[in-house]
Amino acid sequence: MPSNSSLDMDRSIIFGASDAWHGRLVLNAGGSQAQMYDFYEREMPNFGWSKVTVVRADISVLVYDRENRVATIKLTGGSFSGSVVDITVSPKG
């Protein structure tokens, strides 16, 4: 998680623990959508995630996989400043 972000507890749901969790995390990030895109492009491989595909646009989507899981990261601009990061992690298949 970027250091300038906060978890939206009302929109997030997590099952499991540690490295085996799945579900949805919604973050309110202080950085711009472009900064968050660069952050995840840089950091996901450091945690063993491999890029599957990306779309960089008004709403950007990054898809990564690792072992038997897939992570989809959706980035949208915030209403005033910053951005919203929606991360969904699920089992593959």
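I call it a salt bridge when a side-chain nitrogen of Lys or Arg is within 4 Å of a carboxyl oxygen of Asp or Glu.

**Entry 1: ground rules**

The model is predicted, so I keep local features to pLDDT of at least 70 and side-chain atom pairs to pLDDT 80 or more, while totals for chains, interfaces and linings use all residues. Residues are numbered from 1 along each chain as its sequence is written, and side-chain values use heavy atoms, with hydrogens and water left out.

**Entry 2: salt bridges**

I counted six salt bridges by this rule. I started with Asp8 and Arg11, whose side chains meet at 3.8 Å, N to O. For accessibility I use relative accessible area: buried is under 20%, exposed is over 50%, and partly exposed is in between (1.4 Å probe, protein chains only). Asp8 is buried at 17%, and Arg11 is partly exposed at 38%.

Next I looked up Arg56 and Asp38, a salt bridge with 3.5 Å from N to O. Arg56 sits in the loop between β4 (50-55) and β5 (60-66) and Asp38 in helix α1, so this pair ties together parts that are 18 residues apart in sequence. My helices (H or I, at least four residues) and strands (E, at least two) are DSSP runs, numbered from the N terminus. Asp38 is partly exposed, with a relative accessible area of 39%.

Then came Lys51 and Glu41, with their closest N and O atoms 3.3 Å apart in a salt bridge. Lys51 belongs to strand β4 and Glu41 to helix α1, so the pair joins parts ten residues apart in sequence.

**Entry 3: the largest pocket**

What does a pocket mean here? On a 1 Å grid over the protein atoms alone, where a 1.4 Å probe fits, a pocket is an open set of points with protein on both sides within 12 Å along at least five of seven lines, and its lining residues have an atom within 4 Å of a point. Grid points are joined across faces, edges and corners, and the volume is the space filled by probe spheres set on the points.

The largest pocket holds about 370 Å³ of space. It is lined by 17 residues, and Met1, Trp21, Met44, Phe47 and Trp49 are the closest to its centre. I also noted which elements give two or more residues to this lining: β3 (22-29), α1 (33-43), β6 (69-77) and β7 (83-91).

How many of the lining residues are nonpolar, polar and charged? I found 13 nonpolar, no polar and four charged.

**Entry 4: Pro2 and Ser5**

Pro2 lies in the segment before β1 and is buried, with a relative accessible area of 5%. I count a contact when heavy atoms are within 4.5 Å. Leaving out residues up to four places away in sequence, Pro2 touches Leu27, Met36, Phe39 and Tyr40. Pro2 and Met36 are 34 residues apart in sequence, yet their C-alpha atoms are 7.9 Å apart in space.

Ser5 is in strand β1 (residues 5-7) and is buried at 15%. A polar atom of the Ser5 side chain lies 2.6 Å from the backbone oxygen of Pro2. Ser5 also touches Leu27, Asn28 and Ala29, again not counting residues up to four places away in sequence.

**Entry 5: Arg69**

Is Arg69 buried or exposed? I have Arg69 as buried, at 10% relative accessible area, and placed in strand β6. A polar atom of its side chain lies 3.4 Å from the backbone oxygen of Trp21. Beyond neighbours within four places in sequence, the contacts of Arg69 include Asp19, Trp21, Trp49, Tyr64 and Val89.

**Entry 6: two last look-ups**

Glu67 is in the loop between β5 and β6 and is exposed, at 69%. Its phi is near 50 degrees, a positive value in a residue other than glycine.

Glu43 is in helix α1 and partly exposed at 22%. Between the C-alpha atoms of Glu43 and Asp58 I noted 21 Å, with 15 residues separating them along the chain.

How values were computed: Nonpolar A, V, L, I, M, F, W, Y, C, P; charged D, E, K, R; others polar. Polar contact = N/O pair within 3.5 Å; in protein donor to acceptor, adjacent residues only side chain to side chain.
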